[in-house]
Amino acid sequence: MEPAHHKKVRNLLLKYIATLSFEMTRKCNLKCKWCSKGEPQNLDITTEIIDKTLDEISDYYINCIRITGGEPFLVPELVVYLIDKIIDKKIKVNMIHIISNATIINEDIRNAIIRFIEYGKTIQEERKNIKE
């Protein structure tokens, strides 16, 4: 008979996502020749897509949520929305990576990241189960 803690770990591994990416926007404030994204577009993710995705993964452990664009800092309200929803829905996330060209500084995003770090401390035990 399988010990209870083995079964728990096995069940956790069945509900594991290594990396989940959210492309927040196709807008960009630069025109880098080497960019693999192509020409910028006036297109943003919707809050409905964010909500639906988070609802679908709510019982998964996620090692990394990657926030990308275009330039995600051009839509700070969407970045903040995503981070706050991760916290509100108690999604178990080990880390967030934001891929940015680092030309925009935004205090609202900074504060959301700080809230995520504080949230991470509250799920420390559960995060120990998140492995790459």
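**Before you click.** This is a predicted model, where local features need pLDDT of at least 70 and side-chain atom pairs count only at pLDDT 80 or more, while totals for chains, interfaces and linings use all residues. Residues are numbered from 1 along each chain as its sequence is written, and side-chain values use heavy atoms, leaving out hydrogens and water.

**Stop 1: the whole chain.** Switch to cartoon view and you'll find five helices and three strands. These are DSSP runs numbered from the N terminus (helices: H or I, at least four residues; strands: E, at least two). Follow the sequence and the pattern reads α-β-α-β-α-β-α-α. Of the 132 residues, 33% count as buried, meaning under 20% relative accessible area with a 1.4 Å probe, protein chains only.

**Stop 2: helix α3.** Select residues 76–88: that's α3, with 13 residues. From first C-alpha to last it reaches 18 Å, close to the 18 Å expected at 1.5 Å a residue (the expected span is 1.5 Å times one less than the number of residues). Now show the side chains of Pro76, Leu78, Val79, Val80, Leu82, Ile83, Ile86 and Ile87, which are buried. What do the buried residues of α3 pack against? Colour β1 (16–23), α2 (47–56), β2 (61–68), β3 (92–98) and α4 (107–122) to see. After the helix comes Lys90, with a positive phi near 55°.

**Stop 3: α3 beside α4.** Keep α3 and α4 on screen: their axes come within 9 Å and cross at roughly 15°. Axes here are lines fitted to C-alpha atoms over the stretch in contact, with angles running from 0 to 180 degrees between N-to-C directions. The two helices are therefore roughly parallel to each other (angles under 35 degrees count as such). Pick out Pro76, Val79, Val80, Ile83, Asp84, Ile86 and Ile87 in α3; they meet Asp108, Ile109, Ala112, Ile113, Arg115, Phe116 and Tyr119 in α4. Contact means heavy atoms within 4.5 Å.

**Stop 4: Glu71.** Move to the loop between β2 and α3 and select Glu71. Is Glu71 buried or exposed? At 1% relative accessibility, Glu71 counts as buried. Leaving aside neighbours within four places in sequence, Glu71 is in contact with Thr25, Lys27, Cys28, Asn29, Ser100, Asn101, Ala102 and Ile104. Try the distance tool on Glu71 and Asn101: they are 30 residues apart in sequence and 6.7 Å apart in space, C-alpha to C-alpha.

Note on methods
Buried means under 20% relative accessible area, exposed over 50%, partly exposed in between (1.4 Å probe, protein chains only). Angles under 35 degrees count as roughly parallel, over 145 as roughly antiparallel, 65 to 115 as roughly perpendicular and the rest as oblique.
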